[in-house]
Amino acid sequence: MAWINTNGAEPDTIDPDSVITELPFTVLLALSEYLNVGDSKMNWRGVIAQIPEKIFSDDEVEAIALSIHEYNGSPALKLLRKLGGQGRSVRQLISYLDRLNHEKCLKLIKKTESLRLLQVPISQTVQSGPGTVVVFACKARGFPYPHYRWYQAFGLDSCNPHSSSKNEKEKVSHEEVPGGTDRVLKISPVRLSHSGAYCCQVYHKINGKIKQVFTDWAYLQVYPPAKEDLEFSDSDIDYQLMQKPTIVQQPPGALSVRPGKPIIVECRATGCPQPKYQWYKFGYLTHGDPLEPHALRDQQKQTLYWAQSTADDKGMYQCRVWNKAGCITSKTVAITVDSRLPESYPDHITIEHHPESVSSRIGEQRFLFCRANVTEGNLFFQWFLNGQEIPGATQSKLHFLPVKPEDRGMYQCRIQNDHVCVWSNQAMLEIIGVEQPTSEFKYSATDKVALLIGNQDYRSAKRLIAPELDVEKLAVVLSELDFKVISLLNLNLQEMNFALSAFCALLNSGVYGLFYFSGHGFSNDGQSYMIPVDAAAGYSTHECICDQHVLDQMQNRNTALNVILLDICREYNTYPQQEAAKRYTPDVRGNTVFGYAAQTNTRAWEVEETPYAFFSKYLIERIKEKKRVTHMLEDVIQDVCNDPNLTDRRQYPAIAQDLSEARTLLDPINPAGHTEEINSRSRLWGSAHLLPEMPIWMEFKYGVIVCIDIKTRFSNVLVIYSYIPITGNATNCAVKLENFTSELDIKMENQDHEGMNPGFQMTKTTVRNLQRLRGDMESTVTVEGEYQGERFQQKDTLVVTKPLVSKLWQTERYAVPSETPSGY
């Protein structure tokens, strides 16, 4: 692929109302290069999908696709010319690409837009506890698209917004919030240590320079949890922090509904500890005076709710709110259930215009506006600031004449009539101006995923000793770098292909993908091959995995960085091949790095005594360094060449790369714009690494208790520890696991268990090849011992539902082999 020079035009000089074909040819070429790659959602087909009307028939779309077979053919370029031929403007093309969030293309034709804050975080006061969640939100507009980075300030009184003395400010420091790279920062569970001030850096890059704005600090004050929910002792509670409940949203005065319609009435309160709720209903005497209210069963939340109203629901209702600091009672709401109400009776108020977030400087004039509609009756408005009612703010328009520092915050309007109450969306009034913390990283990934494969138990080749430990150590290091790691041992050809397919399914736009293989390998016709454990002697290229095939699969996912690390020998394979090897020609995209343990036609070595492989040893030591990936690998090469244990045999690692940006494996994850993808990826990756809740307790006769604890060693290898902590009335007890599912490879050994009585032993059972499991993992737990001088034996069944990657391999996408490889 040749690089295209787009310096012929700057986006700010392009007339958006000009026809697409009037763009400079270099810009059209660059657009087509970007739109010819990626999946159908982000390439030229994705552009067609964003056009509101259907302007191309299916046959015309396929004709565009077939232009790839023409000399210098480009489907994307053909599409752009067709759109220009129809008179489509650059502005229309920008709108299509904006819907795709295709920033690379937009940078070529869209004018830059300064950052503008639409929503900023607001201060909050919450109670700590396992169920408490705090959400800070920030939203901005601009182009290139905004990125977000959250910071937390620490200090003597950093959680107090009124602390402004010089001495206090000097004691405040700030640092990045781990993982805080989305526009929403979620803290759960909330702990006392989360108290502090938070701000969001919003930034983008224009012409190589970082442009950024910062929100003001939002203050989070965390109170201790309620005494009955406390994880701490009574001495940890500061009862001076307790606050009596305050009702911030009262029920409406009246509500009328038809029978069968839902009844929904809300009462919201704040306080410390967290308030509790109880709804009451008043009875009536014959002359109309109310009786004492009685508590309603199952109405102990802030919302009074019935899915379908009946005539018996008519009456007066009230909510009692309390905590350890005190009690308060809400206003009374009169609920009428009347079948005479017309079908069109307004069960809800329609809000036609919600207030919108605005930014302002001190002294400027601003207003927030809310408009609503109801078929009959008068509407009443009440504005709230940060959940607190604003006295006198009872009009549809809220004026700031002028804006003052204390006006900053989150606003919401309550609209009601005699029957219904609704709330508007929240809107932020942001006051411009804040300190500017910086970040040390230049680039970021939308996510990081790694596939590690170690093959050592070969059927037709020498057994290796290093891959297992090397993969295990590398998996730990990459996990510390926030990679989602899949680590697998001893895969055959079909399993390697499926693992690669599953790995690439986790990749997507902006993701860093890392592939590592340790095992036997060779070179053939300029390409390197990884050998599966079931390969026959001689190694046909069609029975092995080509390094260029791995890259080809990763590139199809539009990744931001591809790192392929192969700890293999690369000697030429002289075995006669029955057919020519397939040639792969992946594109040059400036985002790929190959790291080889050996140069072409040389060998890679491992140390049998230790055991470790030279390349992987130094890779594991260096991979956490904050260096450009290529520079880190250059240091690994130097370390290998200088290793004193290689005096009698030489090893020369190699690098092949086209990396155009100084990306490192330590770059932070910034999922902005990709939150749905990262959540889906986390669920898929997590489902392939789940185990049942540990430990598992099993009861046997005579009071014997067996404890089962299962640990993950690799994604397809688990370790089961079993022991008997309680022998009851029995003596000389022992436990063992046997009769495992036949597909698995089982190894059992006895170990001394730390913390137990001297001589006490536990059984360690290593279960391998979980990818070959075809159902749940079943085994027999056998207990043997003595009771009153007689030997006894009892058995029970242990079932673990599709553990680790066996769930992934038991999908319709994986075809079961016709015969199981044997001999290794």
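**Exercise 1. How many helices and strands does the secondary structure of the protein chain come to?**

Solution. The model is predicted: local features need pLDDT of at least 70, side-chain atom pairs count only at pLDDT 80 or more, and totals for chains, interfaces and linings use all residues. Residues are numbered from 1 along each chain as its sequence is written, and side-chain values use heavy atoms, with hydrogens and water left out.

Step 1. Helices are DSSP runs of H or I with at least four residues, strands are runs of E with at least two, and both are numbered from the N terminus.
Step 2. On this basis the protein chain has 14 helices and 49 strands.

**Exercise 2. Identify the buried residues of helix H4 and what covers them.**

Solution. Step 1. Buried means under 20% relative accessible area, exposed over 50%, and partly exposed in between (1.4 Å probe, protein chains only). Of the 824 residues of the chain, 49% count as buried.
Step 2. In helix H4 (residues 75-85), the buried residues are Pro-75, Ala-76, Leu-77, Leu-79, Leu-80, Leu-83 and Gly-84.
Step 3. Their cover, judged by contact (heavy atoms within 4.5 Å), includes helices H1 (25-35), H2 (44-50), H3 (58-66) and H5 (90-100).
Step 4. After H4 comes Gly-87, with a positive phi near 85 degrees.

**Exercise 3. Describe the largest nonpolar core.**

Solution. Step 1. A nonpolar core is a set of buried Ala, Val, Leu, Ile, Met, Phe, Trp, Tyr and Cys residues joined through side-chain atoms within 4.5 Å.
Step 2. The largest such core has 45 residues, and Phe-503, Phe-515 and Phe-517 have the most contacts inside it.
Step 3. Helix H9 (residues 493-505) gives the most to this core, with seven residues.
Step 4. Leaving aside residues up to four places away in sequence, Phe-503 touches Val-449, Ala-450, Leu-451, Gly-513, Leu-514, Phe-515 and Met-554.
Step 5. A second, separate core of 43 residues includes Ala-598, Phe-615, Ile-623 and Met-632.

**Exercise 4. How many disulfides does the structure hold, and is Cys-138 buried or exposed?**

Solution. Step 1. A disulfide is a pair of cysteine sulfur atoms within 2.5 Å.
Step 2. The structure holds zero disulfides. For Cys-138, the nearest cysteine sulfur, that of Cys-200, is 3.9 Å away.
Step 3. Cys-138 has a relative accessible area of 0% and is therefore buried, whereas Cys-733, at 22%, counts as partly exposed.
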